[in-house]
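Please find below a colleague's note on the structure shown here. It is arranged as numbered points.

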Amino acid sequence: MSDKKMTSSRRHHLKSLVLQIAFELIEVEKKEAVQEKANFMAELPALDLSGDQTALVEMLKKLAQSIDKVDEERYDAESKVTKADKEIEDLRMKVVEIQGMKKPALKKVRMSADAMLQALLGTKHKASMDFRANLKEVKKEVKEEGVDAVGDWRKNVDEQAGMDGRKKKFQG
């Protein structure tokens, strides 16, 4: 299996396909719900409003009880959905925590010293500084060491031997 990452265009295409399929499924579910409701209403017997007042009151009580039962079922279903939504959101937050925030790649920008100063100080200060002019010039001293320095090495070693020699080295 290759470890190639999916291109953004491919990811976008797949995402749009998934959304299109989901949209079609939702439309089918809506049509099925309308059809189911129509079928259920067709199964109900027509209301018989003829009769005395006590029979009508009894029928209204039964209807009220069935309405209450349906409302309880609807509330239970809604509470399950909201609970599932909260769990999904918590899991998404955990995924973001685990992955960490992705930092955007910074682009290398070439800027002159004047442009940097202008960006930092704003347009109020139009200070132009030539940093190279402020640098110290260091002149190189050429040490002329000839044959004497080569023959001299034993003397230097003897002078720097012991603590006194080391002190001289750091003091001088």
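1. Residues are numbered from 1 along each chain as its sequence is written, and side-chain values use heavy atoms, with hydrogens and water left out.

2. The mean pLDDT (the predictor's confidence in each residue, from 0 to 100) of the chain is 80, and 71% of its residues reach 70 or more. Where pLDDT is low, the predicted coordinates should not be read in detail.

3. The chain has seven helices and zero strands; helices (H or I, at least four residues) and strands (E, at least two) are DSSP runs, numbered from the N terminus.

4. Helix α2 has 47 residues and reaches 68 Å from its first C-alpha to its last, close to the 69 Å expected at 1.5 Å a residue, the expected span being 1.5 Å times one less than the number of residues. Just after α2, Gly100 takes a positive phi of about 80 degrees.

5. Of the 172 residues in the chain, 1% are buried (under 20% relative accessible area, with a 1.4 Å probe and protein chains only).

6. Helix α2 (residues 53-99) gives the most to the lining of the largest pocket, with six residues. Lining residues have an atom within 4 Å of a point of the pocket, an open set on a 1 Å grid over the protein atoms alone, where a 1.4 Å probe fits, with protein on both sides within 12 Å along at least five of seven lines. Among the lining residues are Phe40, Leu44, Met59 and Lys62.

Note on methods
Buried means under 20% relative accessible area, exposed over 50%, partly exposed in between (1.4 Å probe, protein chains only).
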